[in-house]
Amino acid sequence: ALMTIVNDILDLASIDAGTLQLDLSDVDIARTVEQAIEAVEDRTRQGDIEIETDLAAGSTFRADGKRVVQILFNLLSNAVNFSPAGGVVRLTVRRDGTDTLFSVTDEGPGMSPETVTKAFERFEQNAAGARKSGAGLGLSIVKSFVELHQGEVEITSSAGSGTVVTCRFPKLHEAAH
């Protein structure tokens with residue numbers, strides 16, 4: 001856990017310095033989703049959480065596969081952490097024109113508008129309803145990596161109704177920085 005925090009801080013520092021370069025390739029969506037789910041397997045087992053997937057988006061998109069796995073790992077970790085025991089987390093991938101959208105939905109306590117506003121700030125923690133408290137870097141990493149892909153992240157939530165985080169990846173034609 002400590003190594004993950006250190007690596008997240010180093011990644012954020014590299015992004016801030018403008019030195020982190022994406023390694024773009026055609027990313028296999030199903031394999032990338034599988035890797036992210038495998039990475040949170042211990043957490044799903046501990047919390048008795050099921051992850052359902054809907055990969056209607058097709059087979060590939062252009063991105064940095066390693067960074068997409070990190071994005072999905074952080075989103076799934078948060079969703080599992082805030083979901084009630086026996087709950088379901090849904091990971092959906094779809095197309096919107098030429099954009100590829102990844103959405104992670106949980107059945108947790110949701111977030112107030114104030115919490116949503118602060119969610120992407122570094123070291124911002126929302127421990128209400130969580131099994132474990134993290135370092136508060138997960139969503140800032142997600143936002144930074146999605147923006148490096150020239151994309152956007154949106155949170156849809158309200159207190160008591162769960163949360164949906166959607167990452168929009170536009171079709172990339174050139175190397176992104």
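Is Gln150 buried or exposed? In this predicted model, Gln150 is exposed, with a relative accessible area of 52%.

- Five strands form an open sheet in the order E2-E4-E5-E7-E6, and their pairing is mixed.
- Strand E2 (50-55) and strand E6 (152-157) are the edge strands, each pairing on one side only.
- From one strand to the next, the twist averages 15°.
- Strands of a sheet pair through backbone hydrogen bonds, in either a parallel or an antiparallel manner.
- E6 and strand E7 (residues 163-169) run antiparallel and are joined by six bridges.
- Within this pair, Ile155 stands opposite Val165 in E7.

**Helices across the sheet**
- Helix H2 (residues 29-39) lies across E2, strand E4 (88-96) and strand E5 (99-106), and it runs at about 170° to E2.
- Helix H4 (residues 65-82) lies across E2, E4, E5 and E7, and it runs at about 20° to E5.

**Loop residues with a positive phi**
- Most residues other than glycine have a negative phi.
- Asp48 is not a glycine, yet it has a positive phi of about 55°.
- The loop between helix H3 (41-47) and E2 contains Asp48.
- Asp48 counts as exposed because its relative accessibility is 52%, and the cut-off for exposed is over 50%.
- Gln150 is likewise not a glycine, and it has a positive phi of about 65°.
- Gln150 is found in the loop between helix H6 (138-148) and E6.

Note on methods: Residues are numbered from 1 along each chain as its sequence is written. This is a predicted model: local features need pLDDT of at least 70, side-chain atom pairs count only at pLDDT 80 or more; totals for chains, interfaces and linings use all residues. Side-chain values use heavy atoms; hydrogens and water are left out. Two strands pair if DSSP finds at least two bridges between them. Helices (H or I, at least four residues) and strands (E, at least two) are DSSP runs, numbered from the N terminus. Axes are lines fitted to C-alpha atoms, for helices over the stretch in contact, and angles run from 0 to 180 degrees between N-to-C directions. Contact means heavy atoms within 4.5 Å. Buried means under 20% relative accessible area, exposed over 50%, partly exposed in between (1.4 Å probe, protein chains only).
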